Amino acid sequence: MAITAADVNKLRQETGAGMMDCKKALTEADGDFDKAKEILRKQGQKIADKRADNATAEGIVLAHVSPDGKTGKVIALACETEPVSKVADFQNLAMAVISTAVATEATDKAALLATPQADGRSLQDHITDLMGKIGEKIDVASFETVSADKVVSYIHSNGKLGVLVGLTNTNGTDVAEVGKDIAMQIAAMKPVALDKDGVDATIVQREIEIGKEQARQEGKPEAMLEKIAMGKLNKFYKENTLLNQEFVKDNSLTISQLLDKTSKGLTVSAFKRVAIG
């Protein structure tokens, strides 16, 4: 069957694939459009399989907070190269991912990717299709949700870093400004947890061992190592847990003190920091 330019253009309009890819698919499918579309989809899956281990250090982070301000969602759609992150198809896909995250009850990445789109195919199917068109790995690198009395979002100027902050005990106070300040603090200072109780036990043990070894290298008595290490651990908590960090805009205050100064009892109940690269 002869494949016309009109046929190729029609398939291109329906799939977004390149002209040569569409022509090859139609030729292989002997002009059958449904078969040609399936061929193009399989091409995307082949690229996905081939590039599965490739690093994805570029992309875009998007966030959305519900109209009532109580639920925030953030996604990171990652790709391999910066030029791909700038093309309209990739950015439109990122919008589809955050829109799906907002519309669905999905609470994890697997459920999000399985969510049907308008055409009945899953979000993952659409991601795989774009991989076939663009020729590099694309992945939802992160999907996080925060719920609280007030959720504030922040997207850094490079578009590759986003933060959600959940504030509780707001007591009717307008906490949008302090929430934004704290979100920017999280973006810059990378806290590992809210406070020391939230730090993973493996991190705690690692810091204790590091503290002991540093003290040992300094020639401190073996009997003193545990005490010295605990002192260093407390310093780690101060520098790396959000509520105990010094506020970057006013280091006379910790974040906990800043919150209490804003409104008595105000605190951060949860936060998520999502970054690409």
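What volume does the largest pocket have? In this predicted model, the largest pocket has a volume of about 500 Å³.

## Basis of the model

Residues are numbered from 1 along each chain as its sequence is written. Because this is a predicted model, local features need pLDDT of at least 70 and side-chain atom pairs count only at pLDDT 80 or more, whereas totals for chains, interfaces and linings use all residues.

## The largest pocket

A pocket is an open set of points on a 1 Å grid where a 1.4 Å probe fits, with protein on both sides within 12 Å along at least five of seven lines, and its lining residues have an atom within 4 Å of a point; the volume is the space filled by probe spheres set on the points. Here the lining comprises 22 residues, with Thr-15, Arg-121, His-126, Asp-129 and Leu-130 nearest the centre.

Helices H1 (5-15), H3 (33-50), H5 (88-103) and H7 (123-134) each supply at least two lining residues, and H7 gives the most, with 6; helices (H or I, at least four residues) and strands (E, at least two) are DSSP runs.

## The nonpolar cores

A nonpolar core is a set of buried Ala, Val, Leu, Ile, Met, Phe, Trp, Tyr and Cys residues joined through side-chain atoms within 4.5 Å, buried meaning under 20% relative accessible area with a 1.4 Å probe, protein chains only. In the largest, of 23 residues, Ile-75, Leu-77, Leu-112, Ile-127 and Ile-138 touch the most other members. H5 gives the most to this core, with 6 residues. Apart from it lies another core of 22 residues, among them Val-165 and Leu-253.

Key:
Heavy atoms only, no water. Buried < 20%, exposed > 50% of the residue type's maximum accessible area, 1.4 Å probe, protein only.
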